[in-house]
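Here is a brief report on a predicted model. It covers a surface patch, a pocket and salt bridges.

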Amino acid sequence: MTIETEAPRPKDWIMAIAPYVPGRSTTDDGRKVAKLSSNENPLGTSEAARAGFTAHVRDLERYPDAGAAALREKIAAHYGLDPARVIYGTGSDEVLHLVAGAYAGAGDEVIFVRYGFAVYEIATRRVGAVPVIAPDKDYATDVDAVLAAVTDRTRIVFVANPNNPTGTYTAKAEIARLHAGLPKSVMLVLDQAYAEYLEDADDDGGLELAKSEPNVLITRTFSKIHGLAAERIGWGYASAAAVDAMHRIRAPFNVTTAGQTAAIAALGAKTFIENSRAHNIRWRNWLVEEIGKLGNAGLRVVPSKANFLLVLFEGSLTAETTYNALMDHGYIVRWLPGQKLGHGLRITIGTEEEMLGLVAALRDIVAQNTGELA
């Protein structure tokens, strides 16, 4: 037997992963300021969900229901689904990792769009698969580019709709065309983390596809409109065979007892959900208009249907300068040079007070750096 003298070495494909960098909560000097960096719900969470969470304060010694039966039943009843085909995870991130682990491996290819969600590349590389990045169409998903990237080694296509971090939306007809153009052996994963912010007319048809097509998985989260980001609860829907495969590698007891109960209550909080959607539409539209008033500062807003805006800096004022200046003014947004968006800032739609203050700060920054007054 040969005795190795070196320390254990991680796999090369693991070391090729760029770790996920979350939105910041504090400034460089440690101040806690208005956080507009992680697309959280500015209205908090519903009172029903809070009550569901606190109901289990005396159950901490017991493992949660490993099958999340009540949560699956509630999700199924709410959306008209088969509860046996609901997969659940520690946020929808875990579901994305599960599908990559079940369907891709060393030498396989996984496609996602440029400026797509950072977890897609992490999930791909984690299993030794090769990421294939399809060109975008002005920061949006280009269905023709995705289809052109498919080879006989393609196993998964990830599409976020609306997309994060750009906020762009792919219409129902285009999603259907994408699915129709993929080989049946390729799993189409539609990441719908922001779907609840869409108006009814903007349904992309993904959930209906997942009901009938064996190569479609949709994922959702309770972190966004439901305001349960701290509990990390996500779910997905796919064929029975796909869900069975994912369950084989799912972590046991992966959704907490309090989280399951809070999520069940959150689904029934209809007024809270409607108020959150209405608040988002109002202040997102307002923010687009106000940024448009900033003269010739070179700011461009990418059209968004999510709860954030991607603002591009195409003039002399840079995204980095603005990011740091906003922090000085008491607002943390998301600067994404690691996702090749060093020229852009992603701004979460916040409270009324936060939006008014943010725009006032932007006006000041533009005036100081360009000499133009909005």
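## Surface patch

Which residues make a nonpolar surface patch of about 300 Å²? The patch is made by Trp 13, Ile 14 and Met 15. Trp 13 sits in helix 1 (residues 12-15). Its relative accessible area is 36%, so Trp 13 is partly exposed.

## Largest pocket

The largest pocket holds about 610 Å³ of space. Its lining counts 29 residues. Those nearest the centre are Ala 18, Ala 118, Gly 338, Gln 339 and Lys 340. Strand 3 (109-113), helix 5 (118-126) and strand 12 (334-336) each give two or more residues to this lining. Helix 5 gives the most, with four residues.

By class, the lining has 19 nonpolar, four polar and six charged residues.

## Salt bridges

Side chains of opposite charge can pair when their charged atoms come close. The structure holds 19 salt bridges.

One joins Arg 125 and Glu 121, at 2.9 Å from N to O. The two are four residues apart in helix 5, so about one helical turn separates them. Both are partly exposed: Arg 125 at 22% relative accessibility, Glu 121 at 29%.

Arg 177 pairs with Asp 144, the closest N and O atoms lying 2.8 Å apart. Arg 177 is partly exposed at 32%, as is Asp 144 at 44%.

Glu 40 and Lys 35 meet at 3.0 Å, N to O. Asp 138, Arg 300 and Glu 314 form a network of salt bridges.

Note on methods:
Residues numbered from 1 in each chain as written. Predicted model: local features only at pLDDT ≥ 70, side-chain atom pairs only at ≥ 80, totals over all residues. Heavy atoms only, no water. 1 Å grid on protein atoms, 1.4 Å probe; cavity = no way out; pocket = protein on both sides within 12 Å on 5 of 7 lines; lining within 4 Å. Points joined across faces, edges and corners; volume = space filled by probe spheres on them. Nonpolar A, V, L, I, M, F, W, Y, C, P; charged D, E, K, R; others polar. Patch = residues over 30% accessible without salt bridge, like charges linked within 9 Å, V, L, I, M, F, W, Y side chains within 5 Å. Areas by Shrake-Rupley, 256 points an atom, 1.4 Å probe, with all protein chains shown as cover. Salt bridge = Lys/Arg side-chain N within 4 Å of Asp/Glu carboxyl O. Buried < 20%, exposed > 50% of the residue type's maximum accessible area, 1.4 Å probe, protein only.
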